[in-house]
Amino acid sequence: MNKITLIGRLTADPELRQTANNILFTSFTVATDRPYQKGKERKADFIKCVAWRNTGELIAKYLTKGSPICIEGRMENSAFTDNNGIKQYNMLCQVERMEFLPQNSAAVATKNTTETLALGDMGAFEEIVPESDMPF
C-alpha cells in the first residue's frame, strides 16, 4: 500500500504551472516536524509535493509560505538525467486530497500526537468495572 498523510507548513509560495497539454499543476514543499525527543534538537522533514488540476489551483490561490496544510496522497519515485549526464532520483508526494488548516494547527496537531504517543494518554478511555452477575 502506498498512502501518505502529511500535516505541516509550506516552505515557500506554491508554484502554479501547466504541462505542454495545458494541464495545471502546482508544486510545493511541506515541512513536517519529526516527533520530539526530550533533550534533543527538533528536526523536520521537507517533502516535495505536486497537486494536479483543481486541487493544485486551490493550493496556489489560497496558500502561501508558512501556511499550514494537511494532504493525503502517494509517494512516487522519478528519475531524470541532469545537465552533467548523471542520473538523479527524486521522491515526491502526488497529492490526491488536501485540507486547509487554521493557523497554528500544524504545530498543535504534531505536538498533541507526539504527546499522546509518548505518554500513552488513556484519558479518553473509561474503566470497565465487571458486574458480579455477568455470566463470564
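Modeller: Let us begin with burial. A residue counts as buried under 20% relative accessible area, as exposed over 50%, and as partly exposed in between. Trp52 has a relative accessible area of 32%, so Trp52 is partly exposed. Please keep in mind that this model is predicted.

Biologist: What share of the residues in the protein chain is buried?

Modeller: Of the 136 residues in the protein chain, 25% are buried. The accessible surface amounts to about 10,300 Å², and carbon and sulfur atoms hold 52% of that area.

Biologist: How many helices and strands does the protein chain have, and in what order do the elements run?

Modeller: There are two helices and six strands. Read from the N terminus, the order is β-β-β-β-α-β-β-α. As for contacts, among those in the protein chain with a separation of 6 or more, 58% join residues 24 or more positions apart.

Biologist: Is Ile59 buried or exposed?

Modeller: Ile59, a residue of helix α1, has 0% relative accessibility and therefore counts as buried. Leaving aside residues up to four places away in sequence, Ile59 touches Pro14, Thr26, Phe28, Ala51, Ile69 and Met98. Pro14 is 45 residues from Ile59 in sequence, yet their C-alpha atoms are 7.1 Å apart in space.

Biologist: Why is the pair of Tyr62 and Phe100 edge-to-face?

Modeller: The ring centres of Tyr62 and Phe100 are 6.0 Å apart and the planes stand at 85°, so the pair is classed as edge-to-face. Tyr62 lies in helix α1 (residues 53–62) and Phe100 in strand β6, so the pair ties together parts that are 38 residues apart in sequence. Strand β6 covers residues 87–100.

Biologist: Which residues make the nonpolar surface patch?

Modeller: Leu58, Tyr62 and Phe100 make a nonpolar surface patch of about 300 Å². A patch residue must have over 30% relative accessible area; Phe100, at 41%, is partly exposed.

Biologist: Where does the charged end of Arg42 sit?

Modeller: The charged end of Arg42 sits over the ring of Tyr36, 4.3 Å from the centre of that ring.

Biologist: My last topic is the backbone. Which residues have a positive phi although they are not glycine?

Modeller: The general idea is that most residues other than glycine have a negative phi. Here, Asn22 has a positive phi of about 65°, and Arg53 has a positive phi of about 50°. Asn22 is in the loop between β2 (15–18) and β3, and with a relative accessible area of 55% Asn22 is exposed. Arg53, by contrast, lies in helix α1.

Methods:
Residues numbered from 1 in each chain as written. Predicted model: local features only at pLDDT ≥ 70, side-chain atom pairs only at ≥ 80, totals over all residues. Heavy atoms only, no water. Patch = residues over 30% accessible without salt bridge, like charges linked within 9 Å, V, L, I, M, F, W, Y side chains within 5 Å. Areas by Shrake-Rupley, 256 points an atom, 1.4 Å probe, with all protein chains shown as cover. Salt bridge = Lys/Arg side-chain N within 4 Å of Asp/Glu carboxyl O. Helix = DSSP H or I, 4+ residues; strand = E, 2+ residues; numbered from the N terminus. Buried < 20%, exposed > 50% of the residue type's maximum accessible area, 1.4 Å probe, protein only. Phe/Tyr/Trp six-rings, centres within 6.5 Å; stacked < 30°, edge-to-face > 60°. Lys NZ or Arg CZ within 6 Å of the ring centre and 35° of its normal. Contact = heavy atoms within 4.5 Å.
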